[in-house]
Amino acid sequence: MSAPDPSRLRWRVAGAASAGALLLGAVGFTAMANADEADQPAAPAPADVAPAAGAELPFVTQEAEAAEHDGTVIGPDVTQGTVASEASGRTAVELSAGQSVTFTLTEAANAATVVYNVPEGGEGSLAVAVNGEQIEESVPLTSRYQYFVAPWIAGSTTHHFFTHARVQLGQDLAAGDTVTFTASGQVTVDTADFEQVAAPAEAPAGALDVTELGADPTGQADSSQAFVEAVAQGRGGVVWIPPGTYQVNQPLYVENVTIQGAGNWHSVVNSSRFINQGEGPGNVHLSDFAVIGDVTERVDSDPDNFVNGSLGPDSSVSGMWLQHLKVGLWMTGTNTDLVVEDNRIVDMAADGLNLNGNADGVRVRNNYLRNTGDDSLAMWSLPQANRNSTFEGNTVIQPNLANGIAIYGGENITVSSNLVQDTNALGSGIAISNQAFMEPFFPLAGTISVDGNTLVRAGALNPNWDHPMSALRVDAYNHPIQADVNITDTTVTDSPWSAFQFVSGSGNGLATNQVTIDGAQVDGVGTVVIQAETTGEVTVQNVTAENVGVAGVYNCPFPTSNPPLTINDGGGNTGLDTEWDDCESWPQPAE
């Protein structure tokens with residue numbers, strides 16, 4: 001979900017600096033309460049910081065700007081609305097007609113996925129050469145799925161500039177071999193993902209083949225009726241999608257069935273609305289095929305999703321390729337013990353996955369999400385509470401509007417071992433928030449565990465607030481933070497702005513309490529490490545910060561009648577001993 005416009009707020013307010021200075025002094029912290037200095041235990045050793053987190057992926061990503069090319073490098077740039085700002089690493093290579101980029105493989109591969117941009121209205125192709133010899137396959141280019149505008153989301157500008165295109169290379173290549181992409185016209189190449197795609201899998205014994213019911217594997221005829229009949233007849237068993245491309249124009253109702261393909265490079269379904277059902281008895285398993293839609297604009301009232309609604313209890317989604325939809329999975333109703341794993345979700349007009357209330361025991365793990373037009377992964381506790389659910393070991397790259405991972409309310413939620421990088425406007429890498437959007441909403445409760453996450457170039461300048469959102473944000477938006485929020489073993493690298501933020505985004509100054517940051521390695525922030533803008537009390541310990549742009553702490557509450565945030569120093573901190581002391585102006589990133 002994207003934040004509504006709080007442009008009426010004024011965060012850079014005179015008068016707060018003196019209150020903050022009285023509480024924090026020169027070092028920006030208060031000692032832990034109710035303890036005599038002589039009785040204080042020795043500061044604990046810094047906690048082990050998790051290594052780079054994220055999904056285990058079947059491909060290797062190479063950046064175009066690091067490859068051999070005769071184009072022009074664009075970026076780095078974090079300004080919303082620029083092509084470079086939505087590129088991985090904020091840089092990419094612009095090619096003109098006849099120019100090329102050559103990648104040298106580091107591992108075996110027989111297929112590639114190119115992430116590219118072309119000018120609005122543009123078309124074209126990339127010719128492909130292997131070890132200098134042109135092959136028959138090429139990469140078609142189109143701007144059809146780029147240049148989205150969402151004027152109802154305040155602060156949004158034209159965005160969604162990149163698209164993924166897949167190509168099989170027709171041969172097995174080894175490390176050291178080269179793949180060259182040559183442009184037919186202007187194109188910006190960001191990355192290429194190289195992988196060894198397995199041969200098509202065989203159908204399980206006894207599976208019901210959709211082609212036996214009339215499905216057309218050439219994609220020319222509408223196969224909707226064959227799929228509808230297959231999932232009805234196949235209850236209790238497996239519906240098989242053999243290699244081919246299938247057009248499915250009617251959403252399916254599914255229960256007690258497995259729908260399985262020969263692999264997501266081989267079994268491809270063209271559908272913008274694959275499953276749409278309010279409730280189901282469950283035991284639905286979707287695996288190993290691709291669903292590619294044709295969504296060219298975001299219409300929030302349309303169910304243009306791979307799954308819209310409920311799969312029912314004890315269901316799973318795995319090994320899928322989802323592309324050009326509004327949302328990958330918008331989950332409502334009952335989805336108890338749902339498992340979503342090992343999927344690639346790219347080029348969504350809005351969210352990648354959103355657990356929209358009543359998720360219990362849902363595990364979302366080892367997924368790759370890139371180029372979403374809203375939160376990549378979200379739990380939203382409306383109209384009921386999400387409980388006991390986890391986002392674990394996922395890789396999120398370039399959500400170009402909103403957050404990488406967002407938790408909006410809910411009870412006993414875990415966000416662990418995820419990698420989030422290159423966030424854009426209106427969001428953070430990770431947001432732990434009580435922003436309701438509408439009612440009935442269930443605020444954060446129980447224990448919220450945020451552990452072992454890595455945030456790279458995360459955080460953005462919010463155009464509505466005219467100041468930043470941090471790599472990791474805790475937001476008492478519509479309700480005070482009263483859950484136990486434990487943020488542990490976090491890595492923050494090269495945040496354009498700040499690392500950790502405590503805020504009440506509605507401007508009501510609601511308190512942030514019961515939050516602990518324990519163990520963080522911060523290497524590179526443009527402004528401050530801790531950005532505190534509301535009241536309450538938190539504890540920070542075992543945080544090591546290096547390459548800090550301006551100061552360790554910014555502590556300027558809004559409204560100014562509130563006391564500043566009490567930041568208890570739990571020990572083991574370095575790099576936080578300076579404070580921004582001018583709340584009439586916002587610190588700008590150091591050059």
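## Asn386, a loop residue

Asn386 sits in the loop that runs between β31 (377-380) and β32 (390-392). The model is predicted. Is Asn386 buried or exposed? Asn386 counts as buried, because its relative accessibility is 0% and the cut-off for buried is under 20%.

What does Asn386 touch, leaving out residues up to four places away in sequence? The list includes Leu355, Gly357, Asn358 and Ala359. Met379, Trp380 and Ser381 are on it too.

## Aromatic pairs

How many aromatic pairs does the structure hold? There are 11. Take Phe274 and Phe306. Their ring centres are 5.7 Å apart and their planes meet at 20°, so this pair is stacked. Phe274 lies in the loop between β18 (267-270) and β19 (275-277). Phe306 belongs to strand β22 (residues 305-309). The pair therefore ties together parts that are 32 residues apart in sequence. Phe274 is buried, with a relative accessible area of 0%. Phe306 is buried as well, at 0% relative accessibility.

Now take Trp330 and Trp380. Here the ring centres are 6.3 Å apart and the planes are at 75°, so the pair is edge-to-face. The cut-off behind that label is an angle over 60 degrees. Trp330 is in strand β25 (residues 327-331) and Trp380 is in strand β31, so the pair links parts that are 50 residues apart in sequence. Trp330 is buried, with a relative accessible area of 17%. Trp380 is buried too, at 4%. Which residues form one aromatic cluster with Trp330 and Trp380? Tyr408 and Phe437 do.

## The largest pocket

The largest pocket holds about 380 Å³ of space. It is lined by 23 residues. Which of them are the closest to its centre? They are Pro58, Asn264, Asp288, Gly319 and Arg344.

## Asp523, a strand residue

Asp523 lies in strand β45 (residues 512-525). Its relative accessible area is 30%, so Asp523 is partly exposed. Buried would need a value under 20%, and exposed a value over 50%.

Leaving out residues up to four places away in sequence, Asp523 touches Val492, Thr493 and Asp494, along with Glu546 and Asn547. One of these contacts has a polar link. The side chains of Asp523 and Asn547 are joined by a polar contact of 2.6 Å.

How far is Asp523 from Gly132 in space? The two are 41 Å apart, C-alpha to C-alpha. Along the sequence, 391 residues separate them.

## Asn562, another loop residue

Where is Asn562 found? Asn562 is in the loop between β48 (551-555) and β49 (566-569). At 18% relative accessibility, Asn562 counts as buried, because the cut-off is under 20%.

Leaving aside neighbours within four places in sequence, Asn562 is in contact with Gly509, Thr535 and Pro557.

Definitions and conventions. Residues numbered from 1 in each chain as written. Predicted model: local features only at pLDDT ≥ 70, side-chain atom pairs only at ≥ 80, totals over all residues. Heavy atoms only, no water. Helix = DSSP H or I, 4+ residues; strand = E, 2+ residues; numbered from the N terminus. Buried < 20%, exposed > 50% of the residue type's maximum accessible area, 1.4 Å probe, protein only. Contact = heavy atoms within 4.5 Å. Polar contact = N/O pair within 3.5 Å; in protein donor to acceptor, adjacent residues only side chain to side chain. 1 Å grid on protein atoms, 1.4 Å probe; cavity = no way out; pocket = protein on both sides within 12 Å on 5 of 7 lines; lining within 4 Å. Points joined across faces, edges and corners; volume = space filled by probe spheres on them. Phe/Tyr/Trp six-rings, centres within 6.5 Å; stacked < 30°, edge-to-face > 60°.
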